[in-house]
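These are my notebook entries on a single protein chain. I recorded what I looked up, entry by entry.

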Amino acid sequence: MGEESTNLSDKAAVPRVVIVDDHRLFRSGVRGELGDAVNVIGEAGDVDSAVHVIGETLPDLVLLDVHLPGGGGVEVLRRVLARHPQIRFLALSVSDAAEDVIGVVRGGARGYVTKTISGRELADAIVRVADGDAVFSPRLAGFVLDAFSATDAPPVDPELDRLTQREREVLRHIARGYAYKEVAKELFISVKTVETHVSSVLRKLQLSNRHELSRWATARRLV
């Protein structure tokens with residue numbers, strides 16, 4: 001009886017987590033890697049379903065991908081934290097771009113790690129962030145310090161803020177010289193979707209072609 005009570009107590013102490021990522025197989029893999037280290041109580045693959053699941057389950061922590069259909073991780077942060085400020089967020093992404101890291105931290109995430117992290121390291125990061133610590137992959141911590149430590153840190157670029165997280169990702173690849181097919185392969189989306197994102201970016205930034213787009217991105221050190 002005493003041993004059973006201890007097990008129940010240990011289970012209750014494990015962080016309750018919702019995993020938000022637009023790849024179902026990746027979510028399943030994360031569940032397997034984490035094992036019993038956390039209690040996964042929900043999953044979601046886009047912004048709207050994430051906001052719904054988080055609101056229904058009220059987890060201790062949300063493991064959040066940066067690039068999601070419906071507006072990206074920043075949109076999830078905005079909508080959830082407005083109603084549930086007690087929930088902690090840890091970003092988990094393939095992207096190590098400075099604007100992605102700074103964007104979600106400004107949005108309220110308490111940490112950011114890349115998908116190269118091991119299962120054991122991820123479980124440790126989840127526990128620490130759920131307890132109130134801030135956790136970043138070593139290389140990414142410098143971005144955060146640079147952005148927030150200086151009193152004369154530049155404001156958020158209003159033009160860049162017009163773009164969704166996915167549009168920014170497409171922008172970076174196009175500015176680096178990737179063909180549409182290559183961008184589609186890198187981001188696991190269709191060529192048609194890439195074309196749609198590029199058209200949207202050009203319209204929002206009032207640019208005429210991909211050459212102007214490349215110059216715009218280079219001037220802002222996005223590539």
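Predicted model: local features only at pLDDT ≥ 70, side-chain atom pairs only at ≥ 80, totals over all residues.

**Entry 1: Leu58.** Leu58 sits in the loop between H3 and S3. I then read its backbone angle: phi is positive, about 45°, although Leu58 is not a glycine. For context, I noted that most residues other than glycine have a negative phi.

**Entry 2: Phe188.** I looked up a further residue other than glycine with a positive phi, Phe188, whose value is near 60°. Phe188 is placed in the loop between H10 and helix H11 (191-205).

**Entry 3: the whole chain.** I counted 12 helices and six strands in the secondary structure. Of the 223 residues, 43% are buried. Taking contacts between residues at least 6 apart in sequence, I found that 64% join residues at least 24 apart.

**Entry 4: Val17.** I turned to strand S1, where Val17 is found. With a relative accessible area of 0%, Val17 is buried. I set aside its neighbours within four places in sequence and listed its contacts: Val38, Asn39, Val40, Ile41, Gly42, Pro59, Leu61, Leu63 and Ile126.

**Entry 5: helix H4.** Which residues of helix H4 (residues 73-81) are buried? I listed Gly73, Val76, Leu77, Val80 and Leu81. Viewed down the axis of H4, these buried residues fall within an arc of 100°, and they therefore line one face of the helix. I found that they pack against helix H3 (47-57), strand S3 (61-64), strand S4 (88-93) and H5.

**Entry 6: the nonpolar cores.** I examined the largest nonpolar core, which has 25 residues; Val20, Ile54, Leu64, Val76 and Phe89 touch the most other members. At least two residues each come from strand S1 (16-20), H3, S3, H4, S4 and H5. H3 gives the largest share, five residues. I then listed the contacts of Phe89, leaving out residues up to four places away in sequence: Ile54, Val62, Leu64, Val76, Leu77, Val80, Leu81, Ala109, Arg110, Gly111 and Val129. I also noted a second, separate core of 20 residues, with Val170, Val183, Leu205 and Ala217 among them.

**Entry 7: His173.** I located His173 in helix H9. Its relative accessibility is 5%, so His173 counts as buried. Beyond its neighbours within four places in sequence, His173 contacts Tyr178, Val183, Glu186 and Leu187.

**Entry 8: the second largest pocket.** How much space lies in the second largest pocket? I recorded about 450 Å³. The lining comprises 27 residues, and His67, Val94, Ser95, Glu169 and Leu187 are the closest to the centre. Two or more lining residues come from each of helix H5 (98-107), helix H7 (138-149), helix H9 (165-175) and helix H10 (180-187). H9 contributes the largest share, four residues. By residue class, I divided the lining into 10 nonpolar, four polar and 13 charged residues.

Terms used. Residues numbered from 1 in each chain as written. Heavy atoms only, no water. 1 Å grid on protein atoms, 1.4 Å probe; cavity = no way out; pocket = protein on both sides within 12 Å on 5 of 7 lines; lining within 4 Å. Points joined across faces, edges and corners; volume = space filled by probe spheres on them. Nonpolar A, V, L, I, M, F, W, Y, C, P; charged D, E, K, R; others polar. Buried < 20%, exposed > 50% of the residue type's maximum accessible area, 1.4 Å probe, protein only. Arc of directions from axis to C-beta. Contact = heavy atoms within 4.5 Å. Core = buried A, V, L, I, M, F, W, Y, C linked by side-chain atoms within 4.5 Å.
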